[in-house]
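User: Hi! I have a structure here that I'd like to talk through with you. Could you take a look?

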Amino acid sequence: MSAQEKAEQDFQQEYQKAIERIRSMPDGAVGWVLKFLQMELEALTPTEWTLVAFEVAAFVDETGERFGGMVAPESGWSVEGVPNAKNYQTIPSRKEAQDIQATVLEQLELYWHEGYTAFTFPQMTLVVVSPGEGSDEAGTIFVSAKRKAKEFEYRFVHLLAQSGDYIRRCPECAKIYLAIRRDQLYCQPRCQNRVAARKWRESRRTDQKTETRKEDRHGKKRGKG
């Protein structure tokens, strides 16, 4: 086996492992995206980063197969550590992954506040619109202009249309999570209980202050008599 064939074989093995890691997430691709968005990419070791890079590439390439063929034949991403790998696969650089992470977080914030968001490329614009509060329907995707390179955002738009109204940020711990119910406000019972306990303590303090003021007033009235 030549060095090139060995490199391709190693790449494909790591790539398949990345696909399996995404598929084995409790919430599938959505769960993986939410985990990715909250990673500190700069803090990853080279080994950890390599695993994540393969997962990002696998996430995007899975899009083409799941939604009707390749979006475009070239991704434009760079390759790290794989000789001549541009001929068969690509993985993103750490900087490109950071840009992806920042872009998706920005668009997610807009989606939360406005109910819609748009991803614009030189040759393509994708807009996903929320179905509206209380609706169980999937969101709507509008595509304008020509198709461009397959990108992370393209896959995310599809996920956002399917699950966007259940992707939320916990008001207590700020974690981004996938709600299991439409009326779920907190990521986990621990946060909900913490908020309830804080409200209870605040109400107790308010009640105590009220009682103290009442006692002071009654004491002053008795003193006047």
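User: Which exposed residues does α4 carry on the face turned away from its buried side?
Analyst: Those are Lys-95, Glu-106 and His-113. Exposed means over 50% relative accessible area, buried under 20%, and partly exposed in between, with a 1.4 Å probe and protein chains only. One note on the source: this is a predicted model, where local features need pLDDT of at least 70, side-chain atom pairs count only at pLDDT 80 or more, and totals for chains, interfaces and linings use all residues. Residues are numbered from 1 along each chain as its sequence is written, and side-chain values use heavy atoms, with hydrogens and water left out.

User: Thanks! And which residues of α4 are buried?
Analyst: Arg-94, Ala-97, Ile-100, Gln-101, Val-104, Gln-107, Leu-108 and Tyr-111. Seen down the axis of α4, they fall within an arc of 155°, so they line one face of the helix. The arc is taken over the directions from the helix axis to the C-beta atoms. As background, an α-helix has 3.6 residues a turn, so residues three or four places apart point the same way.

User: What comes after α4?
Analyst: Gly-115 follows α4, and its phi is positive, near 85°.

User: Back to Val-104. What does it touch outside its sequence neighbours?
Analyst: Setting aside neighbours within four places in sequence, Val-104 contacts Leu-37, Phe-152, Glu-153 and Phe-156. Contact means heavy atoms within 4.5 Å. Val-104 and Glu-153 are 49 residues apart in sequence, with their C-alpha atoms 7.0 Å apart in space. Val-104 has a relative accessible area of 0%, so it counts as buried.

User: How many residues of α5 are buried?
Analyst: 11 of the 12, so α5 is largely enclosed by the rest of the structure. Among them are Phe-152, Glu-153, Arg-155, His-158 and Ser-163.

User: What span should α5 have, going by its residue count?
Analyst: At 1.5 Å a residue, its 12 residues should span 16 Å, and the end C-alpha atoms are 16 Å apart, which agrees. The expected span is 1.5 Å times one less than the number of residues.

User: How do α2 and α5 meet?
Analyst: The axes of α2 (residues 28–37) and α5 (residues 152–163) come within 11 Å and cross at roughly 115°. Axes are lines fitted to C-alpha atoms, for helices over the stretch in contact, and angles run from 0 to 180 degrees between N-to-C directions. On the α2 side the contact is made by Ala-29, Val-30, Trp-32, Val-33 and Phe-36, and on the α5 side by Phe-152, Arg-155, Phe-156, Leu-159 and Ser-163.

Key
Helices (H or I, at least four residues) and strands (E, at least two) are DSSP runs, numbered from the N terminus.
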